[in-house]
Amino acid sequence: MKDVYILGIESSCDETSASVVKNGTTEIATVILSQIDIHTLYGGVVPEIASRNHVKDITFVIEKCLKDANLSIDQIDGIAVTYGPGLIGSLLVGLEAAKTLSYTLNKPLIGVHHIAGHIYANNIERRLEFPLMALVISGGHTELIYMEDHFSFKKIGGTLDDAVGECFDKVARVMELGYPGGVKVDHLSKEGKVTYHLPIPLNDDSYNFSFSGLKSAVINLIHNEKQKGNTINKEDLCASFQDVVVKSLTTKTLKAMADFNVSNLILAGGVAANSGIREGFDALSKEKGFSFSYPSIKYCTDNATMIAAAGYFLYKNKEFAPLELNAESNEVLK
Ligand code: KG4
Ligand code: ZN
């Protein structure tokens, strides 16, 4: 069978990325230009600045990726691009680049949902095994997705308010750890002990999560300790916060897996890079005997390799997008 080369393009937030993937699983070359240094100055992503930088970088990123892959654009079989969800101005840059290539070179355009991309990051180093439960945890999402087969996504639960990554970043901000905060909280937590009491949010029978109350609890705790003239032990507070996050995620996920009779669990999204969450599920998978996997860190945070990997399945099914495909900032995974 002829090899299929998909060019993936991702620009939904503050990473401009292009990647060539062979047959859905073999990464040939990837370029990721991160804007973190720019947005750090503002303590978070500034949408207008993000889209302007995507415009500046997108051509270079695609050209460099093809050069690194040692392929000419004519050898590419399809162009897969994130069309949503994400920042509208950022999404439009990658989408317009993909449409231009598709139209001028007469190559199929493949629209990929960003969360489908995060899930398919799990199909690069290993193969997905169905049925599975995907716990999608990122800066914008906290969702439990049940999958019976490729591209069959059934959302069974999600956050009622903040996403878990957003909560990590806000907690890091009030503790003045800098941006992006998730990884900083993760590192500090390794040096600390669970000493502060924080409530486990939405400790009920549903498959849903809630993180805004936990965020407020951390803010109140810091405020109260300051008023009493006490110094906060940042390492211990990070360890205590992360411990509650792990308890909330593991409890709900295990309940969902038992109810849906699923013994395969995958993590997806930037927060899947968190060491405490990985270790928490790892220990439970050994204790309870279910299979558990997650992508390498470079495939957890935003990248175009996962978009090309997901796009391959749509390509095989000839599920091509029309040139009218629009960027959708709040698109739901279907
Ligand atoms: O998937 P992603 O790159 O972008 C979105 O689609 O949202 O996820 C970014 C999120 C940020 O909130 C970041 O702080 C968080 O992932 N993150 C982490 C870690 N690494 C990245 N959160 C906790 N622990 C980490 N090690
Ligand atoms: Zn993402």
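**Ligand site**

I looked for the largest pocket and found that ligand 1 takes up that space. My pocket search ran on a 1 Å grid over the protein atoms alone: a pocket is an open set of points with protein on both sides within 12 Å along at least five of seven lines. A molecule sits in one if more than half of its atoms lie within 2 Å of its grid points.

Ground rules: this is a predicted model, with pLDDT of at least 70 needed for local features and 80 or more for side-chain atom pairs, while totals for chains, interfaces and linings use all residues. Residues are numbered from 1 along each chain as written, chains are lettered from A and ligands numbered from 1 in written order, and side-chain values use heavy atoms, without hydrogens and water.

Next I listed the shell. It holds 18 residues, and the closest are Gly139, Asp169, Asp186, Gly270 and Asn274. To count, a residue needs a heavy atom within 4 Å of the ligand. By class I noted four nonpolar, 11 polar and three charged residues; Gly counts as polar here, and Asp, Glu, Lys and Arg as charged. Helices H4 (114-120), H5 (164-174) and H6 (182-189) each supply at least two shell residues. Helices (at least four residues) and strands (at least two) are DSSP runs, numbered from the N terminus.

Then I checked polar contacts (N or O pairs within 3.5 Å). A polar side-chain atom of His114 is 3.1 Å from a ligand 1 oxygen. Gly140 places a backbone N or O atom 3.3 Å from an oxygen of ligand 1. The side chain of Asn274 has an N or O atom 3.0 Å from a ligand nitrogen. Taken alone, ligand 1 exposes 550 Å², and the protein buries 87% of that. Those areas are Shrake-Rupley values with a 1.4 Å probe.

**Backbone**

I looked for cis peptide bonds. One joins Gly84 and Pro85, with omega about -10 degrees. Pro85 is in the loop between strand E4 (78-84) and helix H3 (88-105). Another joins Tyr179 and Pro180, also with omega about -10 degrees. Pro180 is in the loop between H5 and H6.

I moved to H8 (residues 234-259). Its 26 residues should span 38 Å at 1.5 Å a residue, and the end C-alpha atoms are 38 Å apart, which agrees. Asn233 caps its N-terminal end, with a side-chain oxygen 3.1 Å from the backbone nitrogen of Glu235. Just after H8, Asn261 has a positive phi of about 55 degrees.

Note on methods. The expected span of a helix is 1.5 Å times one less than its number of residues. A polar contact is a pair of N or O atoms within 3.5 Å; within protein, one must be able to donate a hydrogen and the other to accept it, and residues adjacent in sequence count only if both atoms are side-chain atoms. On a 1 Å grid over the protein atoms alone, a cavity is a set of points where a 1.4 Å probe fits but cannot get out, and a pocket is an open set with protein on both sides within 12 Å along at least five of seven lines; lining residues have an atom within 4 Å of a point.
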